[in-house]
Amino acid sequence: MPATAETADQVQSIEGEKYKYGFITEIESDMAPKGLSEDIVRFISAKKNEPEWLLDWRLKAYRRWLEMPEPKWAKVDFPPIDYQQYHYYSAPKSQEDGPQSLEDVDPELLATYEKLGIPIREQEMLAGVQNVAVDYVFDSVSVATTFKKKLEAAGVIFCPISEALERCPDLVRKYLGTVVPMADNKHSCLNSAVFTDGSFVYIPPGVKCPMELSTYFRINEQNTGQFERTLIIADKGSYVSYLEGCTAPMRDENQLHAAVVELIALDDAEIKYSTVQNWYPGDADGKGGIYNFVTKRGACRGKNSKISWTQVETGSAITWKYPSCILQGDNSVGEFYSIAITNNAQQADTGTKMIHIGKNTTSRIISKGISAGKSDQTYRGLVKISAKAEGARNYTQCDSLLIGDKCGAHTVPYIESRNKAAIVEHEATTSTISEDQLFYLRQRGIPQEAAVALVVNGFCREVLQQLPMEFAVEAQKLVGISLEGSVG
Amino acid sequence: MSILPFIEGEPIAGRQLIGQDLAWLTTRRQAGIERFQKTGLPTQKLESWKYTRLRPLDDTRYLPVDAGGTDISIDTVPSVGDVAARLVFVNGRLRADLSDISELPEGVRFDTLENVLAEDPLWVEANMGSVAKDADQAMLALNDAMMDSGFVLHVQKGKALTKPVEVVFIGGLTDQAIAYFPRNLIVLEEASQATLVKHHVGHGRAEYFANSVSEIAVGDAANFKHYKVQAESIHAAHVATVHTRIGRDANYEGFGLSIGGLLSRTETNITLAGQGANAGLHGAYMMRGNEHCDNTSYIDMAVPNTTCNQVFKGVLDDASRGVFQGKIHVARDAQKADGRMLNKTLLLSNDAEIDSKPELEIYADDVQCAHGMTTGQLDTTALFYLRSRGIPEALARNMLVQSFLGDALEEISDENVREVFLDRVVHWLPAHCFLAGEWKESA
Amino acid sequence: MLEIKDLHATVGGTEILKGLHLVVEPGEVHAIMGPNGSGKSTLSYVLAGREGYDVTGGRIIYNGEDLTNLEPEERAAKGIFLAFQYPVEIPGVPNSTFLNEALNAVRRYRGEEEMDKIEFIKMLRAKTKELSMSDEMLKRAVNVGFSGGEKKRNEVLQMAILEPTLAILDETDSGLDIDALKIVADGVNALRSPERSSLVITHYQRLLDYIVPDKVHILAKGRIQHTGGKELAHELEAKGYADFVGEAA
């Protein structure tokens with residue numbers, strides 16, 4: 001058997017059981033009744049004590065959502081979603097009034113996060129690395145946010161979005177829905193109607209956020225959708241680096257995750273947004289797993305602003321996700337660095353949009369896709385240069401690696417240029433791990449699995465380097481685990 | 001809809017169409033009209049028509065070709081010179097006085113579809129629709145229904161045409177807006193060889209709509225070179241649908257030079273159906289004014305050990321728009337596929353636009369596929385360098401455009417044809433290009 | 001230590017090695033010379049266990065153990081090192097990471113402790129210096145952007161680090177200028193010891209001026225046709241292959 005075929009077999013033999021985040025937390029939850037209706041929207045809004053304008057906004061979104069068609073253009077295949085089978089609100093009962101301090105957090109939850117490797121304790125974060133403030137979102141609510149005081153001293157607001165509605169309602173109202181319009185697409189529209197928690201970040205002018213900010217999303221309850229909404233505003237001259245991690249228990253049915261993330265960078269501000277997405281991918285036959293339908297978009301509103309997306313996508317049964325940048329400010333910069341790994345029956349359709357509007361705007365897209373098993377993966381990207389984007393530049397490098405002869409890798413770039421002084425360069429390759437490479441590594445004593453992991457990590461290196469140190473090591477391990485379970 | 005005269009009432013029975021007495025052809029026409037009535041004209045909602053709208057068809061009322069109105073004198077018929085035979089169609093009708101098919105080598109048939117339908121209907125029945133069978137293509141369906149001209153090139157097993165055969169379509173020499181529907185059938189049997197040059201040109205001021213379909217079957221170990229110049233008039237809408245099937249160890253070389261037409265679109269479908277098959281599909285486009293040019297292709301690498309290569313380069317001035325959509329599909333288990341695609345565009349004006357979509361869809365792992373795409377303007381440093389050596393700006397620009405496109409034209413392996421095509425490129429350029437001669441020599 | 005008995009091997013269904021016998025004792029350096037297509041590279045791949053090079057008959061005994069069914073990495077761990085004629089590029093994997101992975105994999109296999117990172121770097125620096133290689137080459141991805149000479153030197157560096165007991169040099173001299181050739185030869189000679197053996201596969205006698213063999217074999221038509229001392233290489237250079245090959249055929 002040729003080496004790659006053998007590797008493919010090994011890769012295939014990794015069952016969903018290897019998903020070590022697949023446990024369920026036994027905790028009593030306060031849940032909305034199953035299904036979706038105007039009453040449910042009102043129920044959620046009431047739970048959050050929201051102002052009238054937001055309830056109106058939600059209701060408007062709900063009515064729009066009813067009329068909108070499902071997006072059909074992505075290369076993913078799944079049966080129609082029964083939106084009535086989900087609970088649109090679920091919160092651990094013990095957290096009903098919201099924890100006032102870390103001491104109030106339910107011990108079951110503390111244990112859950114311990115088990116996930118990200119304990120809710122300020123002294124000991126993320127594999128021993130300190131100085132990361134974390135917002136913990138469990139099903140529909142935020143259960144804890146660490147390092148709040150230290151951040152407040154710097155003037156940084158980092159809290160659940162429901163709390164932000166009380167603390168700084170004007171900021172939320174000013175920016176919410178301005179980057180991802182309510183009816184942008186069916187999934188974001190649903191989110192607008194029923195979003196529950198998610199993080200809000202505001203960095204005041206001139207402030208470099210003193211630590212990495214992070215949100216950790218966990219879906220626990222059965223038949224629960226998670227619809228978080230994240231809003232990050234970097235005011236003039238500020239900087240923030242934000243990390244997002246996600247996991248879910250192994251369940252046989254498909255759970256729905258339709259998040260919206262909006263980023264706004266004003267003059268000279270920079271936002272670095274990193275995601276390590278490891279939702280439950282379903283089992284080897286494609287049973288269960290998360291439907292990950294996410295709308296992420298950043299607006300470089302100010303001149304010289306910068307938004308950088310880095311994503312490591314290894315989980316979910318279906319991924320539908322295009323973190324994008326709208327480069328409005330002159331000289332603004334957008335970046336998209338992506339590693340997507342699909343195995344077994346996973347399907348991913350992911351990429352980015354770079355919309356160049358301002359003068360001398362630049363964007364860079366580096367996408368590395370690895371397909372294994374029976375999975376299908378598509379890079380879908382748009383680079384659009386408007387007539388006024390004098391001097392705009394884009395560079396895109398998009399590489400796919402196939403492991404095994406039952407998977408698929410597809411590249412669908414759209415490039416639209418209307419400015420002669422703009423330069424766009426796009427390159428893409430598709431190949432497999434060569435027999436030569438594997439034999440060479442094995443001849444030097446490196447076992448086959450490790451050799452594959454080494455080559456794949458080399459293939460992804462350019463993107464891994466973009467991750468904050470704390471996450472890079474984790475991500476590198478995840479790359480190995482996603483493919484064969486052991487070596488990093 | 002502007003092509004109503006063609007599809008309303010009893011569109012087929014009510015017209016004088018070629019091969020009218022053939023029942024199978026009437027059935028094919030009937031099926032075509034039914035398919036077309038179901039789909040209607042393509043809209044931009046279709047992914048393959050995302051960037052092209054059949055704008056001229058909105059408000060022009062095209063009429064069928066009037067059999068009598070083609071007797072207009074013509075000064076020049078474009079040609080690559082030394083050819084084995086030539087067919088000239090003016091306003092969708094054969095002009096026998098300008099055509100010459102008297103000296104074809106043995107084993108080669110090259111004639112109008114109308115004649116072959118009369119002489120050898122069984123052969124046409126057996127071959128028509130054997131390659132072009134995409135039921136979803138509205139423009140193919142429309143041609144199925146309306147085919148009224150076109151030609152047949154048939155080279156028998158082991159036979160070789162040493163000189164090219166040439167077909168010229170001239171439009172625009174009418175009083176009214178007309179539409180014609182050429183249907184071309186090209187069959188190269190095993191180990192045969194041929195070169196075909198097609199010219200689509202426009203004269204006069206009338207609006208016209210050409211909706212052509214070419215079916216090409218390249219047999220095992222055969223070798224086919226297929227060159228096309230599309231220099232339609234500014235009043236023309238030109239839609240071409242090409243279906244090509246390439247057999248084992250066979251070789252196909254296609255090149256399309258698009259230098260004119262209000263709206264033009266060439267959609268090429270290639271199936272690499274036998275191991276060792278190779279396809280080169282290349283092109284150059286030069287547009288100005290508000291011309292729109294769409295090159296869309298789909299290459300299906302259906303079996304193991306096939307190769308394909310695409311190089312498309314274009315220059316867009318004024319408010320013109322270029323579209324390149326290329327898709328390479330590698331089927332499951334079609335291992336050892338090697339597919340390459342390159343699209344480069346120069347924008348000479350801020351009102352010009354390029355939309356490019358180089359796509360890969362791959363289901364086999366042991367493959368080498370790559371695509372690249374760039375857009376930009378003329379290299380300002382190079383421009384400055386030339387001018388600092390005393391070359392006037394206009395000429396310097398022309399030189400840079402020529403050298404940019406020259407790359408793509410290098411893909412034309414027939415030297416004579418390349419020469420003629422280079423000439424057309426030079427003549428497209430603004431002002432005079434004094435270096436044309438030297439440049440051609442060096443190219 | 002290495003004993004090849006009546007070895008038959010096929011590549012893609014074609015028999016390339018047709019009953020090859022060879023015995024290499026500890027500490028010996030053997031040269032295998034032969035015309036193009038004689039099966040030289042096939043022999044090296046078969047010894048290293050490359051997929052697609054199928055042993056259809058005979059045995060390869062190394063230190064008393066039959067290698068025939070072992071995986072490439074197991075053979076590597078047992079001390080077999082193949083210096084490739086065309087070293088392979090591995091984009092994105094730094095040379096030093098690769099060397100560290102390889103060394104530790106071999107050590108783990110042998111039940112030895114992994115080498116501490118700092119100790120490893122120290123050792124690596126020292127070896128690179130001996131081979132006149134720049135530290136910069138350690139940071140670059142494995143063989144990517146290396147010149148022909150740099151690639152071969154990198155092979156020798158790997159050999160110096162993994163300290164094999166049987167080094168197979170497959171046309172290591174191809175594409176090397178005389179200075180690079182000397183450096184490579186010095187590297188190989190530095191490893192010579194009573195326990196280590198080498199198999200030097202080459203088309204030309206030139207390399208053997210620098211790595212002096214104990215025995216020279218002529219391989220043609222899938223078998224050893226002739227065996228002699230180091231002088232055989234010179235004889236061959238003077239007369240050409242035809243004489244030797246013809247004589248056996």
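Reader: Why is Arg297(A) called buried?

Author: Happy to explain, with one word of caution at the start: this is a predicted model. Arg297(A) has a relative accessible area of 11%, and the word buried applies under 20%. The value falls below that limit, so Arg297(A) counts as buried.

Reader: Where is Arg297(A) found, and which residues does Arg297(A) touch?

Author: Arg297(A) belongs to strand β13 (residues 289-300) of chain A. Leaving aside residues up to four places away in sequence, its contacts include Val180(A), Pro181(A), Asp184(A), Glu262(A), Trp309(A) and Ile326(A).

Reader: Let's step back to the whole chain. How many helices and strands are there in chain A, and what share of its residues is buried?

Author: Chain A has 11 helices and 23 strands. Of its 488 residues, 67% are buried.

Reader: Why is strand β19 of chain A said to be largely enclosed?

Author: Strand β19 (residues 362-372) of chain A has 11 residues, and 9 of them are buried, so the rest of the structure largely encloses this strand.

Reader: How do you know that β19(A) pairs with strands β17 and β21 of chain A?

Author: Pairing asks for at least two bridges. Strand β17 (residues 333-342) of chain A and β19(A) share 10 bridges in the parallel sense, while 11 bridges link β19(A) to strand β21 (residues 393-403), also parallel. You can look for Ile341(A) opposite Ile370(A) in β19(A), and for Lys368(A) with its bridge partner Asp399(A) in β21(A).

Reader: What about strand β13 of chain B: why is it described as largely enclosed?

Author: In strand β13 (residues 251-260) of chain B, 8 of the 10 residues are buried, so the strand is largely enclosed by the rest of the structure. Strand β11 (residues 223-231) of chain B runs parallel to β13(B), with 9 bridges between them. Ala231(B) stands opposite Gly260(B) there. Strand β15 (residues 278-287) of chain B is also parallel to β13(B), over 8 bridges, with Gly254(B) facing Leu281(B).

Reader: How do you know that chain B and chain C do not touch?

Author: Their nearest C-alpha atoms are 16 Å apart, and the two chains do not touch. Of the 2 pairs of chains that touch, A and B have the most contacts.

Reader: How many residues does each chain bring to the contact of chain A with chain C, and how much area is buried?

Author: Chain A brings 22 residues and chain C brings 33. Together they bury about 2,300 Å², 61% of it on carbon and sulfur atoms. Phe439(A), Tyr440(A) and Arg444(A) provide 35% of the area that chain A buries against chain C, more than any other three residues.

Reader: What makes Arg442(A) and Glu51(C) a salt bridge?

Author: Their closest N and O atoms are 3.3 Å apart, and the limit for a salt bridge is 4 Å. The pair therefore qualifies. The count between chain A and chain C is 5 salt bridges.

Definitions and conventions:
Residues numbered from 1 in each chain as written. Chains lettered and ligands numbered in written order. Predicted model: local features only at pLDDT ≥ 70, side-chain atom pairs only at ≥ 80, totals over all residues. Heavy atoms only, no water. Buried < 20%, exposed > 50% of the residue type's maximum accessible area, 1.4 Å probe, protein only. Helix = DSSP H or I, 4+ residues; strand = E, 2+ residues; numbered from the N terminus. Contact = heavy atoms within 4.5 Å. Buried area = accessible area lost by both parts, 1.4 Å probe. Salt bridge = Lys/Arg side-chain N within 4 Å of Asp/Glu carboxyl O.
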